[in-house]
Structure formats: C-alpha cells, structure tokens
Amino acid sequence: MAHAVSAGFRRALTTSHRISVRVDAYMGGTLTASDIPISDGMVTLDRGSKVRRSLSLTVSDVKYVPWNVTDPLASYGQYLVVYRGIISGGSPPEMIRQGTFRIDEPSGDVHFGPVTLTGKSSEAVIQDDRFIYPTTTQGRGNCVDVITYLIRQSLPSAVIVNQTAGTRNPACAVATWDAQADRWDAVTQIATAMRAEIYVDALDRFVIADVPTVSSGAVAWEIADGEGGTLMSSARTMSRTAVYNAVVVSGENTASNTAPVSAVAYDNAPTSPTRWGGPFGKVPKFYSSALMTSAGDCQAAADSMLFDATAPNVQTSITAVPNPAMEAGDCLRITHDGHKELFIAQSVGIPLTAEGQSTLTLRGGKEEA
C-alpha cells in the first residue's frame, strides 16, 4: 500500500525539485547519531524476498568506521531509520520513511573510509530466532493471534496490523514445528493459510494483507512518458522464471488426526498465454503445509496463489523521478510507447541520491483500454 502523501508531493514528482535524505542511528531505542552524511545508498523493496526491505549504504566520513560494539554503525543490535523526501519551492521538505534496518555488515578503510554497510527490515529478526523447542499452534487462537504470538516471542513490542478484507481472522489448524525450524517460515505459512501475505512496512509494522492483483487493486501511481510524465526511458525484459500455470496445494496434519488432502488450480483461460497445456507448456508450482487440513482449504489456497503464479514476470528498467512513496505490491499504471498497462510492483529500488535511478520488477501485466 502506498504512503499517504500530499497533493503537493505528487505534483513535485513531475516538476523541478531537490531531494532530501536523512539517516538516523539507534541502539536499544536510543538515538546515537542523527542525520548521518551519506554519499550513496539504495533501499530495495522486494515481494519475492523473505525480507521485504533491504538497505545498502555508503557513509563517506571515516569517523563512522565502527571500532567498538556500541558505535552507531556497529552490528550488535544497531538500527538505521532512513527517510527520503523532496524539497519543492520554499516549502519544508516532505519526508517519507523508507524503513527501519538492522545493520548487518559494516566495513571500511580505517584511514580513508568510506563505510559501506547493508541492512534488513525486521523479518530478519524473526528469521534468526529459530525455535529452540518444538512449538505448536494448539491453544493459541485464530491465525492472527498465532502470528502475533510467534512474532512477539522475538520482538515483544512488535506492532501487527491486519489489513485483509474484512480483517478476517480464521481458525488456525493445529500444527507443530520442530526445534531449529525457521520461525518466519512458520509465520508466512499461517498467513498463506488465511490467503494473505505478511511483511514489514516502512513504519516497522508487521502487515498482514491480501495478495495484490491488477484486477482488484486500485492504481496507486502512474508512470508515463511524454509531457508531464515521470518516465524518461524504459527497457523491458521478459522471463519465464517464477511463472507457473498450475498450483498444487497439499496438507498432511497428524496433530489434527486428518487424512492427507490436496487440490489443484489450473490456468484454464482460453486466451491466456500461460494456459495449461498451451504453447507455454505445463509448469506446476507445489506448496505443502500442515495448516491445510481439508480439500476446501487446499483449493482456496491454490485459487488464491494462482494469480501470482501465472502473472508475467517483466523487468522494466526505468529512468524517472524515483518515487519514495512507492511500495512493493502497489498497483501501477505504466504508459509508454502507446501502451497502457497495469502491473503489480514486485520489486522497487529507491535510490538515496539525486543521481540514482529506479529499477522496477513488475508482475501481472494487463492491457488497459
């Protein structure tokens, strides 16, 4: 979902403006360095990654080379909060938060710098906290309740937001994960069982949301060529990678004493370029979870996953005014070379310098009349 921004911000994307970037460092909730000077950087938002938001940053000042575990850019629980915005006319900058990033790998020449580092959003914290003991959903309530329990075992103050249609919260089947299992995998399995996805947003919240589609999503942003548009150049690459035309969902749950179940959803649309048995071939995707305990559960999940599975994988390199308010999962209207298409933003690169360019990976292309 796109950030809420002012009308002036939207106008400024197509007019003359300067960018403003702020990077602040925190340790244990305490600000340790503010407005850190950077020479380069990129925030990447990727729906296909287990960690939705990632950061790469270059800090030119050698004084920020970390020596001690408590230094602002060390990797012992330090976090960076990143903002990017625009300055238009004489107005104060309108800043858009890009995320909260745990610092993972800082390095730099101790004499000359610069410091380079990478960072990840809070899914990485849950992912690192593997189960020490076997863990079950039994007695933990419905799906959102179990997700909240699993996340807050790792991050007690985590904010979990249910943005699904009708804020649905179905019953959660009994499932057990062994010791050493990936906690974040367990969380995403529960979200999938409720036909949703979960990710950390720019405000460091864990958001449970419906899987976006171009058929039901409202257009958040338009990227267009021509006068008044933000598109300056566009190159397209198509790929068969991660494109399927059937989804097979299965479940086997001994804890619930239920028989193995499964269901298949096919791309049977006669005009679909990826239709099952057509020129594209037969390319099934498989998904299995103990949280699927009935054929109906499996069929509903397979139907829900089919759109994302069959969506065209199109990578578009765009030279344009980068939009810091854009989110992975936004529905975009792309107008170029006489074509007007709707896409879901699969991944978005947001540069933290004025010279940077955005690269978008798009899914779900649909020609718009």
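Q: Which ring does R140 lie over?
A: R140 lies over the face of Y149, at 3.8 Å from the ring centre. The model is a predicted one.

Q: Where does the charged end of R52 sit?
A: The charged end of R52 is placed over the ring of Y199, 4.0 Å from the centre of that ring.

Q: How many aromatic pairs does the structure hold?
A: A pair of aromatic rings is described by the distance of the centres and the angle of the planes. Here there are three aromatic pairs. One of them joins F131 and W177, with 6.2 Å from centre to centre and 25 degrees between the planes, and this pair is stacked.

Q: Which parts of the chain does the pair of F131 and W177 tie together?
A: F131 lies in the loop between helix 2 (123-128) and strand 9 (135-136), while W177 belongs to strand 11 (residues 176-177), so the pair ties together parts 46 residues apart in sequence.

Q: Are F131 and W177 buried or exposed?
A: Buried means under 20% relative accessible area. F131 has a relative accessibility of 3% and therefore counts as buried. W177, at 9% relative accessibility, also counts as buried.

Q: Why is the pair of W184 and F206 tilted?
A: Planes under 30 degrees apart count as stacked and those over 60 as edge-to-face, with the rest tilted. The ring planes of W184 and F206 stand at 50 degrees, with the centres 5.9 Å apart, so this pair is tilted. W184 sits in helix 4 (residues 183-193) and F206 in strand 13 (residues 206-210); the pair links distant parts of the chain, 22 residues apart. Both W184 and F206 are buried.

Q: Which residues touch the most other members of the largest nonpolar core?
A: That core has 35 residues, and I36, L55, L57, L73, L80, V82 and L332 touch the most other members. Strand 21 (residues 339-351) gives the core its largest share, four residues. Apart from this core lies another, of 27 residues, including A175, W184, A196 and L291.

Q: What is L332 in contact with, leaving aside neighbours within four places in sequence?
A: Among the contacts of L332 are V219, W221, I223 and M326, as well as F343, L360 and L362, once neighbours within four places in sequence are left aside.

Q: Where does T213 lie, and what does T213 touch, not counting residues up to four places away in sequence?
A: T213 is found in the loop between strand 13 and strand 14 (219-224). With a relative accessible area of 13%, T213 is buried. Not counting residues up to four places away in sequence, T213 touches F307 and I344.

Conventions:
Residues numbered from 1 in each chain as written. Predicted model: local features only at pLDDT ≥ 70, side-chain atom pairs only at ≥ 80, totals over all residues. Heavy atoms only, no water. Phe/Tyr/Trp six-rings, centres within 6.5 Å; stacked < 30°, edge-to-face > 60°. Helix = DSSP H or I, 4+ residues; strand = E, 2+ residues; numbered from the N terminus. Buried < 20%, exposed > 50% of the residue type's maximum accessible area, 1.4 Å probe, protein only. Lys NZ or Arg CZ within 6 Å of the ring centre and 35° of its normal. Contact = heavy atoms within 4.5 Å. Core = buried A, V, L, I, M, F, W, Y, C linked by side-chain atoms within 4.5 Å.
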